[in-house]
Amino acid sequence: MLQKYYAAWESRLGYRLVRGGTRHFGYHPLGTIWPLPLGAALRRMEDHLYHLLELPTGSKVLDAGCGNGHVALQLARKGLRVQGIDIVANHIRWARQEIKAQKMENMVSARVADYHHLDWVPDMSFDGVCTMETFVHAREPEQVLSEFFRILKPGGLMAMHEYWHLDDDELPPGTSKDLSESIKRVDRESAMPTDRRLRRGVLQQMLTNQGFVEVVEKDLSRNIAPTLLLFYVLGYIPYLIICFFGLQAWFVNTEAGAQGYRGLQRHLWGYSAVKAKKPLEKIR
């Protein structure tokens, strides 16, 4: 399902034209309304992930769901040694091209791999693990976090930029049915099964259950709002046309752009940065 989503022409065209191939939101200082230049905001979000890791130069990091390598390359420019993995073969092909073009082969590598199954990675071999809006694609999130915990060195750090959302029974009175159904459809058609489980605070509890400590969350919902506003402006009219013909499932990114901003403004979903640490000693 995930590979089908990224192979769809709407995904390939939209990510390339609007985000330059990057697959995450931009970070905007509070009070910002104008979202452009978007490229600068995308790099700020990658820098935010880097600062969340708080690792010294030369540390070894796994970028789990690296896409075309933009996040991994930005972390490498800051001095980290990065292993990128992605389940989509085309993403890894593009990532390797980017790595080679920027002459960063000594700092970044990329391979096709599933973060549910990291048996090729020795125990306690990474200083950090990061996800940039990719954990939501997990089929078995507890298994993924267990693998992350295993491959981290004692004292190693997790840094995750991920979504959260309200359940149906938590929706504010007056929430339109079409908006709540849009969010569910986007999760389904974008292959984000874990997003259906990530109510506010659930990711933190999942990390704690796996043995992580010092779990800290910061809400970045207001920081991504200008990016969502841009998507809303670009997607609203096309979305109305799509709805008229009942084609929402075929244009999931257009629906996400038009409805995502509305949902964010109504606090139906949000965006968090979560940090956690593998303890130095096993907790008894």
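Reader: Which residue forms a salt bridge with D47?

Author: A salt bridge here is a side-chain nitrogen of Lys or Arg within 4 Å of a carboxyl oxygen of Asp or Glu. This is a predicted model, in which local features need pLDDT of at least 70, side-chain atom pairs count only at pLDDT 80 or more, and totals for chains, interfaces and linings use all residues. Residues are numbered from 1 along each chain as its sequence is written, and side-chain values use heavy atoms, with hydrogens and water left out. For D47, the closest N and O atoms are 3.6 Å apart, and the partner is K78.

Reader: Is D47 buried or exposed?

Author: Buried means under 20% relative accessible area, exposed over 50%, and partly exposed in between (1.4 Å probe, protein chains only). Because its relative accessibility is 17%, D47 counts as buried.

Reader: How many residues apart in sequence are the parts that E54 and K275 tie together?

Author: The side chains of E54 and K275 meet in a salt bridge, 2.2 Å from N to O. E54 lies in the loop between α3 and β1 (60–64), whereas K275 lies in strand β7 (residues 269–277), so the parts tied together are apart in sequence by 221 residues. Helices (H or I, at least four residues) and strands (E, at least two) are DSSP runs, numbered from the N terminus. The separation asked for is thus 221 residues.

Reader: What is the relative accessibility of E46, the salt-bridge partner of R43?

Author: R43 and E46 have their closest N and O atoms 2.7 Å apart. R43 is partly exposed, at 27%, whereas E46 counts as buried, at 0%.
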